[in-house]
Amino acid sequence: MATKEASTSKKPAAASSGKPTGKPASNLSPKAAAAAIRIADNKKATFNYHIEERFEAGMVLEGWEVKSVREGKVQLTDGYVVIRNGELFIIGCQINPLGTASTHIRPDSVRTKKLLMHKDEIRRLIGKIDQKGFTLVPLNMHWKAGKVKCEIGLAKGKAEHDKRDTIKDREGKREVDRAMKSRNR
């Protein structure tokens, strides 16, 4: 009898390891699953710009950068995208190196990183950028099929009064939520 009890109380090896598998759980909602694979968001972008269109681009990263991205040491708030010689580059995206980085390399946390998109999409973006007031900003970084992707947005800068309207709307929502919460108690 003692052997039966011991065999039935064992947990599966995968469940007891405690390590994340890198894949979102199948019982999560689509929004929660997307958040599970999201690396970093640029919250300032939606505050400072009207996002007209969104594009997904691959990123060229070094090995130490991928390891840091897995640990979530990424900051996009000061980043922007430029087009040079028909290629996209992200500038100001900060990936902080891990303390365990190799000693034979010198990690540069604000290195200019190349973005990968189809030539036709880049030509279309060049045409849009030439229009007055448009710019490219990084919106988020996420994992897709084991690769790091960057979502960039074709954006137009907001005027100061638009930013004030955004703040006013956000504060109004908070007040409504507080009122509903206190009413339900």
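**Entry 1: a term to settle.** I call a residue buried when its relative accessible area is under 20%, exposed when it is over 50%, and partly exposed in between. I am working on a predicted model.

**Entry 2: His142.** Buried or exposed, I asked of His142? His142 has a relative accessibility of 12%, so it counts as buried. I found His142 in strand E8, which covers residues 134-144. Next I looked up its polar partners: the side chain of His142 makes a polar contact with the side chain of Asn140, at 3.0 Å. Then I listed what His142 touches, leaving out residues up to four places away in sequence. That list holds Ile37, Arg38, Ile39 and Glu56, along with Lys147, Val148, Lys149 and Glu151.

**Entry 3: Val66.** I moved on to helix H5, residues 63-70, where Val66 lies. Val66 has a relative accessible area of 24%, so I noted it as partly exposed. Leaving out residues up to four places away in sequence, I saw that Val66 touches Leu61 and Trp143. I also checked Val66 against Lys147: they are 81 residues apart along the chain, and their C-alpha atoms are separated by 9.3 Å. Lys147 was already in my notes, as one of the residues that His142 touches.

**Entry 4: the whole protein.** Stepping back, I counted seven helices and nine strands. How many of the 185 residues are buried, as a percentage? Buried residues make up 26%. For contacts between residues at least 6 apart in sequence, I noted that 67% join residues at least 24 apart. Last, I looked up the surface: the protein exposes about 13100 Å², and carbon and sulfur atoms supply 51% of that area.

How values were computed:
Residues are numbered from 1 along each chain as its sequence is written. This is a predicted model: local features need pLDDT of at least 70, side-chain atom pairs count only at pLDDT 80 or more; totals for chains, interfaces and linings use all residues. Side-chain values use heavy atoms; hydrogens and water are left out. Helices (H or I, at least four residues) and strands (E, at least two) are DSSP runs, numbered from the N terminus. Buried means under 20% relative accessible area, exposed over 50%, partly exposed in between (1.4 Å probe, protein chains only). Contact means heavy atoms within 4.5 Å. Accessible areas come from the Shrake-Rupley method with a 1.4 Å probe; for residues, only the protein chains shown count as cover. A polar contact is a pair of N or O atoms within 3.5 Å; within protein, one must be able to donate a hydrogen and the other to accept it, and residues adjacent in sequence count only if both atoms are side-chain atoms.
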